[in-house]
Amino acid sequence: MSTSASAPATPVRPQLRWGLAAYVVLVLAAMTLAIVIPKTGYILNISMQATTYAIAVLGLTVVLGLCGQINLAQAAFFGLGAYAVGIGQTEYGVNFWICLLLGMSLAALMGALLGASTLKLGGHYLAMVTISFQQIVTLVLINWIPVTKGPDGVRAIPRPALLADASNYLALCIAVLAGCGYLLWRLRDMRLGRAMRAVRDNELAASVAGIDVYRTKVLAFAISAVLGGLGGGLFAGGFAYVSPDQFSFAESVVFLTMVLLGGVSSPIGAAIGTGLLILIPEWLRFLKAIPGLYLAIYGTAVILIVLFMPDGIWGFIRGQLDRFKRRAPATGAADALTFSGGGSGAETVLELRKLSKHFGGLKAVDEVDFTIRRGGVHALIGPNGSGKTTTLNVLSGLYKATSGSVLLNGQDVTNFPPHARTIAGLGRTFQNIRLWRTMTALENVVIGAERPGSPVLEDKDALVARARAALAFVGLDGRADELVSGFSYGHQRAVEIARALAADPVLLLLDEPGAGLNSSEKVELRNLLKRISARGLTILIIDHDMTLVSEVAQHITVLNFGRRIADGYSADVLRHPDVVAAYLGTAPDVAA
Ligand code: ADP
Ligand code: MG
């Protein structure tokens, strides 16, 4: 175990249980109202549309809100669910629930396939792929007439016998929506949800923290699609009729607008956005006498909201509420942070064998050999552009080695992707800080602690305790619940180091941790490095500050033009004539 029992854990918040109880009561009340209140068909239709749409919009809070991946095909997934329930029942006499499950499975499969395209694509290209998928589904619905009935659509879609009455069916839709909303609200603070947010904020940092970025994106797409399919399936039962135009690209844009309007990062936002975009047109109905005016007002309202509330309506409200949040007290739990040192007692932690990395003709790293012994600090130095960062990037898997190999704890990790190397015990920080900027310091460090294979992984309290201990270790436990985007440079670096420490690595790689720090912050850094080292964690540090290097490092490797020009005990290396000529003889570099 890496965390002592005395480490403070987050207390289970009693408000949370009351909150959940209140939520259940609220949902039951809404369901009862839906059943007992006499309604016109008009009200029923609007409510049915709002609840089923909201389920699909919830999907977008996962793929776009949590994971940051654009999806312009939600209407297609909605359509897959709807047609499965429509065709399955009317043509093949399959049970409603089975049809619903089939539709969701089909949507999940297609969603995962679409997510799979993120391996090669991102941004605008991904948007194009989702639009193409949307168009393909629309074309199939229109043209595959023997199966889909084409533009005529599918009619007389039944509901389950118990729910044949529209009011009861609406109550079901409300229950499903509420259940999905609750699960997604929980998802945000589950491991997968945090992984998604990390991918959204900074993919590179996510992969280096041990997150399988690709898998996370595929899952986000699949979950989003399942919710689309579920919403669509319920929609088909609600309206008894489906046709291709209900699931066109325009509807995907409507779904997207709904989620952006309400607030993409929360299920509550999804519900608000859906409700508003379905209700606003109804409220503005009286304007329809003057053609065009209605659309103009509607469009202007949406633009204004998105412009002045970039995080949507709910994001805006939450921003106001957050101002009343209390700060967490400092825990003083620094002593609770321990390192297992990777278990194995072998003397060598890392070995580079003739490692090369070429960029076209440029040999950024050229057949470099060195070994890092367990315990202590090993420095990698050299003039700017000598290949230090590139070596670190090859080590951590961000670059593929041109040739040579990397052995970590005796295991050949040369062909491992970044997250697998982290799992194998590599931890690192970046020359230009890479934190997840929309998250708190604690959330950043918790993701570090969540390294797959970590003993604290399955125990939420131990996990948070370890993260708090890591923050305390770098002196930031008092700011655990603040967003890192508001931190000074020095504190951001400290959070990055805490994130790496929390993972309990075998070897910690630090790329110019002193760059950009003022002199008092540098003193703190030096003390921090000594304290880490004193706890038995091996460090490989790149730094330009020769005072720092000579004070903390026992071993030094020197690179110049990508080649190793010296390697050995600090005192010997620093006296080496080649080193003096190539590096120390020149004026000290400004950090790259
Ligand atoms: P250092 O960290 O020692 O200052 P780097 O490892 O960043 O040096 O760079 C070594 C050399 O490799 C430099 O000439 C740099 O321009 C080149 N280089 C680094 N990364 C890339 C890249 N992604 N593509 C092309 N050239 C690169
Ligand atoms: Mg560098």
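**The interface of domain 1 and domain 3**

Tutor: In this predicted model, domain 1 and domain 3 bury about 1,300 Å² between them, and 52% of that area lies on carbon and sulfur atoms. On the side of domain 1, Arg191, Arg194 and Asp201 supply 43% of the area that this domain buries against domain 3, which is more than any other three residues. To place the two partners in the chain, the domain assignment gives residues 20-254 to domain 1 and residues 434-504 to domain 3, while domain 2 is made up of 336-425, 507-516 and 537-592. The contact itself draws 15 residues from domain 1 and 15 residues from domain 3, and the centres of these two domains, taken over C-alpha atoms, are separated by 34 Å.

Turning to the polar side of the interface, 7 residue pairs are found in polar contact across it, with both residues at pLDDT 80 or more, and 3 salt bridges are found there as well. A salt bridge also joins the side chains of arginine 188 and glutamate 443, with an N to O distance of 4.0 Å. As for secondary structure, helix H8 (191-201) and helix H9 (203-208) each supply at least two residues of the side of domain 1 that touches domain 3, and H8 gives the largest share of that side, with 6 residues. Sorted by class, the side of domain 1 that touches domain 3 holds 6 nonpolar, 2 polar and 7 charged residues.

Key
Residues numbered from 1 in each chain as written. Chains lettered and ligands numbered in written order. Predicted model: local features only at pLDDT ≥ 70, side-chain atom pairs only at ≥ 80, totals over all residues. Heavy atoms only, no water. Domains from an automatic or database assignment. Contact = heavy atoms within 4.5 Å. Buried area = accessible area lost by both parts, 1.4 Å probe. Polar contact = N/O pair within 3.5 Å; in protein donor to acceptor, adjacent residues only side chain to side chain. Helix = DSSP H or I, 4+ residues; strand = E, 2+ residues; numbered from the N terminus. Nonpolar A, V, L, I, M, F, W, Y, C, P; charged D, E, K, R; others polar.
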